[in-house]
Amino acid sequence: MTHRPSRTRFLPLLGLSLAVGCPGPGPRTRLGTEPTDDLVVAPTPGSPAYSTRPPSGEPMRAGGDHGAVERGVASAASTRAVTLTGDPRLGELAEWVAARLGPAGEPPSAELLDFYAWHLGLVEPTPHVMVLGLPHDASIEEHVQRSAAQFLGRQAYTHWGASVIPRSGLWLVVVTFSSRHLELSDLPRTQAPGTPVRVQGRLLAGYRNPTLVVQRPGGEVTRLAAGTGPEFDVRVPTTEVGRHQVEVLARGPLGEEVLANVPVYFGQEPPQSIRPNLEDTSGGEAPDVGRVGTQLLDLLDRSRAEVGLAPLVRDARLDAVARSHSDDMHAHDFVGHVSPSTGSAGDRVQAAGLRSGLILENIGRGYSAAEIHRGLLDSPGHRANLVNPSATHVGIGVVAEPGDGRTAFLVTQVFLEVAREIDTAAAPADVLGAVNRARRARGAPELRVDPTLERAAADAARAYFASPGPSQQDTVEGATAGLRGISIAYRRLGGVMAVVSSLEEAQQLEPALDDTVRVCGIGVAQGTRADSVPNALAVVILLGWER
């Protein structure tokens with residue numbers, strides 16, 4: 001009998017999109033200014049609660065021909081056969097963005113967009129921003145329709161808001177889109193210390209298996225499944241004063257996705273201002289995919305060092321897996337963990353000939369390594385992957401997505417657990433001790449070691465790495481077949497094998513916990529085959545049922 005444990009968890013992404021259009025010949029017009037503020041203050045009082053229900057009002061903010069913008073958005077939605085609902089808060093966000101554009105029309109960073117979206121009471125991940133600079137004689141409706149249709153072709157947006165104002169001889173149009181796939185009961189942004197985090201609501205069509213993830217002020221992450229859905233009601237006790245980042249995940253058409261991600265403040269008021277993080281890892285050079293990948297690894301290792309973890313080993317085979325998925329998403333215009341052509345992250349890792357009991361995946365998008373990494377850290381689920389203590393190796397795949405004056409980067413990170421070098425001579429005793437503890441907990445007698453079974457198990461474990469051919473089943477069957485000479489002492493012989501990244505994964509092999517077996521032999525070897533990760537552990541447990 002063979003056994004291969006698997007602990008896979010795939011967590012979703014963040015994103016920011018930009019489209020800047022200035023039709024016509026001639027020099028480009030500056031649509032904004034270089035950001036210089038070291039403190040950004042919210043211009044209005046914040047919402048008291050997060051809500052998925054749009055407030056009353058229009059999704060358009062003043063200025064120019066807002067009717068043309070509305071018609072353009074409606075036409076794009078009709079073309080893509082999607083339903084878009086206007087949300088005045090997204091219109092207010094669009095107006096706020098328009099006042100803070102960079103020279104080429106770049107919107108504020110995702111960090112600032114999140115700050116103001118949360119200030120307005122929005123719950124969904126970072127809204128996406130479309131920016132158009134149009135001459136006064138251009139058809140606003142036509143240009144909005146064409147650009148919005150491109151956005152809607154890539155992602156299933158559900159809500160929108162916009163602002164149109166004159167600037168530098170142009171009509172400046174900013175449209176914000178968001179994806180809202182759940183209904184939440186209003187969640188107060190500030191609460192009394194000791195009050196549990198309570199998140200109640202229902203998933204909308206196409207989503208199931210809700211999960212609540214809460215990151216506490218000290219960085220600890222709590223993850224609680226909430227059934228199959230669609231309704232959910234989860235409470236997480238709190239004791240600490242400070243910011244708790246609250247995420248709702250659910251499984252959708254492209255795998256597990258972040259449906260809500262907001263900070264809730266216990267014992268303190270939400271901030272009315274933010275100091276932008278000005279860290280830049282580009283070194284003054286224009287970023288490229290190689291540099292972004294290197295910078296992301298450096299930032300990842302810094303974050304791990306801050307919590308006392310060792311740096312990760314970057315693995316070329318995992319790089320290829322990650323890059324292939326980024327290429328796939330870019331080529332086929334989707335962003336998600338489950339690909340129509342390659343399946344899940346676990347499928348992709350296995351197709352590359354790699355095996356591990358821990359497979360984690362992050363996906364991010366942004367304009368620099370620093371922005372992408374900050375966005376991942378702001379998501380409790382993504383952060384938990386970045387600082388997972390069991391992860392040892394990582395692959396990073398980066399694809400450039402050039403735009404009008406800016407290049408965005410689509411990133412996939414794949415994390416695996418690869419076994420470290422161990423003392424294989426001492427390992428069988430460790431496994432036996434753990435197995436017997438588990439047996440005692442079940443009320444079963446402890447196993448004792450038969451030296452002949454132990455030698456056979458050790459030989460079988462070493463033989464597994466000596467040849468690329470035998471499967472785990474072949475290895476166990478070969479070991480038990482060689483024991484015919486001692487079968488007179490046993491009415492039955494059997495075995496179980498696992499190829500794992502750590503001994504802990506082999507300590508709960510169910511056949512070894514059978515309360516009718518009394519004798520065993522355990523062999524452990526370490527090595528690498530083409531179908532395993534480096535330094536894999538082959539654990540063979542041979543079992544004897546006495547006459």
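**Helix packing, strands and a buried histidine**

Modeller: Helices α5 and α8 are oblique to each other. Please bear in mind throughout that this is a predicted model.

Biologist: At roughly what angle do the axes of α5 and α8 cross?

Modeller: Helix α5 covers residues 289-306 and helix α8 covers residues 369-377. Their axes come within 9 Å, and α5 passes α8 in a right-handed crossing.

Biologist: How many nonpolar, polar and charged residues make up the contact of α5 with α8?

Modeller: From α5, the residues involved are Val 292, Gln 295, Leu 296, Leu 299, Leu 300 and Ser 303. They meet Ala 369, Ala 370, Ile 372, His 373 and Leu 377 in α8. By class, the contact of α5 with α8 has eight nonpolar, three polar and no charged residues.

Biologist: Which residues form the covered face of strand β15?

Modeller: Strand β15 spans residues 231-236, and its uncovered face carries Glu 231, Asp 233 and Arg 235. The covered face consists of Phe 232, Val 234 and Val 236.

Biologist: Which residue of β15 stands opposite Val 199?

Modeller: Strand β12, residues 197-203, pairs with β15 in the antiparallel sense over six bridges. Opposite Val 199 stands a residue of the covered face of β15, namely Val 234.

Biologist: Which residue in the turn between β13 and β14 has a positive phi?

Modeller: Strands β13 (residues 208-215) and β14 (residues 221-225) run antiparallel and are joined by five bridges. Gln 215 stands opposite Val 221 in β14. The two strands form a hairpin with five residues between them. The turn residue with a positive phi, of about 100°, is Gly 219.

Biologist: Is His 325 buried or exposed?

Modeller: His 325 is found in helix α6, residues 316-332. Leaving aside neighbours within four places in sequence, its contacts include Phe 334, His 337, Arg 348, Glu 361 and Thr 412. The relative accessible area of His 325 is 1%, and the cut-off for burial is under 20%; His 325 is therefore buried.

Biologist: What percentage of the residues of the protein chain count as buried?

Modeller: The protein chain has 12 helices and 26 strands, and its C-alpha atoms fill a box of roughly 95 × 50 × 40 Å along the principal axes. Among contacts between residues at least 6 apart in sequence, 76% join residues at least 24 apart. Of the 547 residues, the share that count as buried is 56%.

How values were computed: Residues numbered from 1 in each chain as written. Predicted model: local features only at pLDDT ≥ 70, side-chain atom pairs only at ≥ 80, totals over all residues. Heavy atoms only, no water. Axes fitted to C-alpha atoms, helices over the stretch in contact; angles between N-to-C directions. Helix = DSSP H or I, 4+ residues; strand = E, 2+ residues; numbered from the N terminus. Parallel < 35°, antiparallel > 145°, perpendicular 65-115°, else oblique. Left-handed = near helix turned anticlockwise from the far one by under 90°. Contact = heavy atoms within 4.5 Å. Nonpolar A, V, L, I, M, F, W, Y, C, P; charged D, E, K, R; others polar. Buried < 20%, exposed > 50% of the residue type's maximum accessible area, 1.4 Å probe, protein only. Pairing = 2+ DSSP bridges.
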